[in-house]
Structures are given as structure tokens and as C-alpha cells.
Amino acid sequence: MPHQILQPITARTSTHPVLSVYLDMSVNSDNKRTYQTFLNKQRARFAHPESDPEAHHGEPIGTVIERVEAWLADEFDTRSKGAAIFAEVGGDWFHAVAFARPFTNRLEVGAHPLIGPLRVALGNERRYCVAIVDREHLRVLSIYMDSVEEEKIDESETNDAEIEVQSDGHAEKEYEKWKAEETRKSFKTFAQDVESLGASRRADGYMVLGTDENVNHFLEFLSPAVADKVVHTCHAPPAAGNSDIIRFLSPVFENLRSREEASSIEELLSRVRQEHLATSGWHETLTELQEGKVDRLFIARDETKEGVQCTQCNFYLVRRDGDCPYCGGSLREGVDLVESAVRMAAGQDVRLAFIPADAMTEVDGVGALLKFR
């Protein structure tokens with residue numbers, strides 16, 4: 001999903017500047033959205049030339065903001081809590097994403113779409129395929145960002161009337177054997193349905209809900225690859241709708257996120273201490289990323305870092321005096337290194353994790369696991 005959301009944005013090739021807008025679209029205690037106040041302030045900000053002295057946009061920013069407002073009024077999914085909108089200034093390209101989570105309000109104009117906040121929001125989200133199963137029924141949900149994006153329901157085709165149960169023990173045993181065989185057939189079909197939905201949605205993990213007996217029996221029918229990705233099993237809440245299932249599993253989702261974060265930072269810190277294919281700090285990590293050596297990149301949440309970029313070879317550097325040490329070119333000041341690192345990671349298909357800042361102090365806010373030296 002992160003790739004599918006980011007790809008149309010990062011694939012843009014136009015040379016027009018881009019207005020990037022991130023909005024908190026959640027409602028306040030008065031059941032109102034407050035994004036318009038923020039947009040009005042931004043319109044006033046760009047109404048005066050001194051607010052953007054080096055820009056030559058060709059189209060007033062206020063006009064572009066009007067395009068943003070039109071999309072919000074006509075096309076925004078009001079069930080969402082956030083919006084990320086990208087619009088060319090002086091061009092036709094326009095791309096908008098309604099998001100399940102709220103963003104911090106932000107508006108920037110630059111040569112490229114600002115993808116950092118979107119990548120941060122996507123970074124630690126996982127998709128789970130949740131199966132609620134008994135001997136005759138299957139309900140399987142694909143859940144992403146606390147929303148059901150797809151649901152499939154299946155029922156067995158058993159017919160209890162096919163066997164007339166007599167009072168003698170032999171007939172009862174035959175009936176039990178028949179029921180066991182019908183359950184086996186149903187579970188085999190149910191497992192195929194779960195794996196099909198999980199594969200189509202690229203599930204990160206699976207959960208199975210039901211009685212202990214049904215769950216344990218059903219797990220036997222999953223392929224080893226899928227069974228290895230089952231991260232949670234438990235009793236299903238009775239007669240639960242989709243929203244009930246999400247509320248029921250929310251503590252599980254949060255626990256899994258916390259465990260994954262703890263495991264990730266433990267691996268990074270361990271390898272940094274051992275000096276084994278790992279980096280820490282902006283200077284070293286940025287160098288290895290630009291040389292294509294990074295396998296996994298870790299950035300502290302809310303990290304900010306300003307640096308420079310060579311105007312000749314385009315290499316990014318932590319702030320320094322003089323010319324580029326690689327080609328002698330002049331250096332452009334005021335470069336957002338977090339945004340630049342996120343963009344490079346997306347272009348190289350580097351796995352990216354955003355970690356609580358207090359857990360990243362030992363590596364000065366950024367680090368990486370390397371593929372090679």
C-alpha cells in the first residue's frame with residue numbers, strides 16, 4: 001500500500017513547482033473541521049511578494065489553493081481524517097489522497113511534492129487479514145489503518161439431512177465421521193479464501209478468531225508460508241460487526257506496532273554497537289544511502305535536519321563550509337535532509353521505519369542497516 005500511494009506522486013516528471021498541502025480533517029468538539037482557517041492564513045501568507053521573494057510561479061498561489069478547496073468541497077471522503085494534496089503551480093497535475101489518519105496542517109511550495117509527512121504516516125501501518133471462522137461459516141476481513149477495505153463471507157455446503165442418524169452407536173459414529181469430513185472440506189475451502197484475500201491485499205499478517213478447537217483445526221489447513229504470518233488468535237466476540245471487530249482488535253494492533261518498533265530499534269542499536277553493517281548519525285547514514293548501500297532506514301519521528309546539496313553533482317551533505325568535497329561544485333543551503341532521505345529511500349525501495357525520538361537518541365536521530373559496505 002505505501003508504494004501504491006506514493007508511486008503516482010514520486011513518478012511525476014514535470015518541471016513546474018508543486019504546492020503540497022497536508023491537512024487535519026478531523027472534527028473538533030463542536031463537530032466542525034477547522035482546516036479552512038489554516039488555508040486562509042496560507043492564502044494571506046502568499047498574497048505578499050516578500051513572503052516568497054525568490055519564487056516565479058506564473059500562477060498565484062491563491063488560485064492553486066482554490067483548486068485544493070474545490071477538491072475538498074466536492075470529492076473529499078468525509079469519513080477520512082486527513083488529506084494530502086499536491087498541485088502544480090502553473091501546470092495541470094493535481095493529485096489528492098484522503099487519509100484515515102489526521103495530518104499536522106502544513107503547506108509548502110517546492111520543486112518536488114513534499115512526501116515526508118505522508119511517508120511518516122504510512123511507515124508503521126500494517127495490513128492484517130482477519131478470519132472469523134467456525135465449522136460452517138467464514139468471514140474474512142482485510143483491515144488497514146483501522147478500516148475494513150474488503151470483506152468476504154463464505155458458508156459450507158453441508159446438508160445434515162443427507163444422513164439419517166439411527167439410535168445404534170454405529171450410525172452415530174458414521175455421522176461423526178461424515179461431519180468431520182465435511183468440516184475438513186469446509187476448512188480447506190475457507191483457508192483458500194483467506195489466502196486469496198491476503199495475497200491480493202498483500203497482508204503483512206493474519207489473525208484467526210473463533211473457538212480454540214476451530215482455530216487450532218483451521219490453522220492446519222493454511223499453507224506454511226501463511227501460517228508463519230499468523231500473529232494472533234483468540235475467541236471472536238459474539239455477533240460482532242466490522243466496527244466491533246476493529247475495536248476488539250485495536251489493543252492487539254497497538255501491541256504489535258510497539259513490539260515491532262522495539263524489535264527494530266534493538267536490532268539497529270545492536271548492530272551499531274557491534275559495527276556490523278550499520279550506520280548512525282546523519283553524515284554517515286546520508287552517505288551510505290546515496291551510495292545505494294542501505295537496506296533499512298530508521299528516522300526518529302518529528303526529526304528535523306537541515307543541510308546542503310551540491311548544485312553540480314546533486315550530492316546531499318550535512319551543513320559544511322566551502323564547496324562540494326566530491327566535485328568542487330557550489331552548495332545550495334537550506335535543504336530539508338529528512339525529506340531528501342525519505343525521497344531517496346522511496347526511489348531505491350528501501351524499507352523505512354519511523355521510531356519514537358527517545359529511542360533514537362543513541363544514533364542521533366537516524367541510522368540504517370546496510371546491504372554491504
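Q: Which residue in strand 2 is the bridge partner of L19?
A: In this predicted model, strand 1 (residues 18-24) and strand 2 run antiparallel and are joined by 7 bridges. Within that pairing, the bridge partner of L19 in strand 2 is A87.

Q: Which residue in strand 4 is the bridge partner of L19?
A: Strand 1 is also joined to strand 4, by 5 bridges and again in an antiparallel sense. L19, whose partner in strand 2 is A87, has as its bridge partner in strand 4 the residue V109.

Q: Which residue of strand 3 does A87 stand opposite?
A: Strand 2 is joined to strand 3 (residues 94-99) by 6 bridges, and these two strands run antiparallel. Their hairpin has 5 residues between the strands, among them G90, which takes a positive phi near 85°. Across this pairing, A87 stands opposite F94.

Q: Which strands are the edge strands of the sheet?
A: The open sheet has 4 strands in the order 3-2-1-4, with antiparallel pairing. Each edge strand pairs on one side only, and the two are strand 3 and strand 4 (106-110).

Q: Why is strand 2 largely enclosed by the rest of the structure?
A: In a regular strand the side chains alternate between the two faces of the sheet. For strand 2, G82, A84, F86 and E88 are buried on one side, while A83, I85 and A87 are buried on the other, so that both faces are covered. Strand 2 (residues 82-88) is therefore largely enclosed, because the buried residues number 7 of the 7.

Q: At about what angle to strand 1 does helix 2 run?
A: Helix 2 (residues 35-45) lies across both strand 1 and strand 4. Taken against strand 1, its direction is at about 150°.

Methods
Residues are numbered from 1 along each chain as its sequence is written. This is a predicted model: local features need pLDDT of at least 70, side-chain atom pairs count only at pLDDT 80 or more; totals for chains, interfaces and linings use all residues. Side-chain values use heavy atoms; hydrogens and water are left out. Buried means under 20% relative accessible area, exposed over 50%, partly exposed in between (1.4 Å probe, protein chains only). Two strands pair if DSSP finds at least two bridges between them. Contact means heavy atoms within 4.5 Å. Axes are lines fitted to C-alpha atoms, for helices over the stretch in contact, and angles run from 0 to 180 degrees between N-to-C directions.
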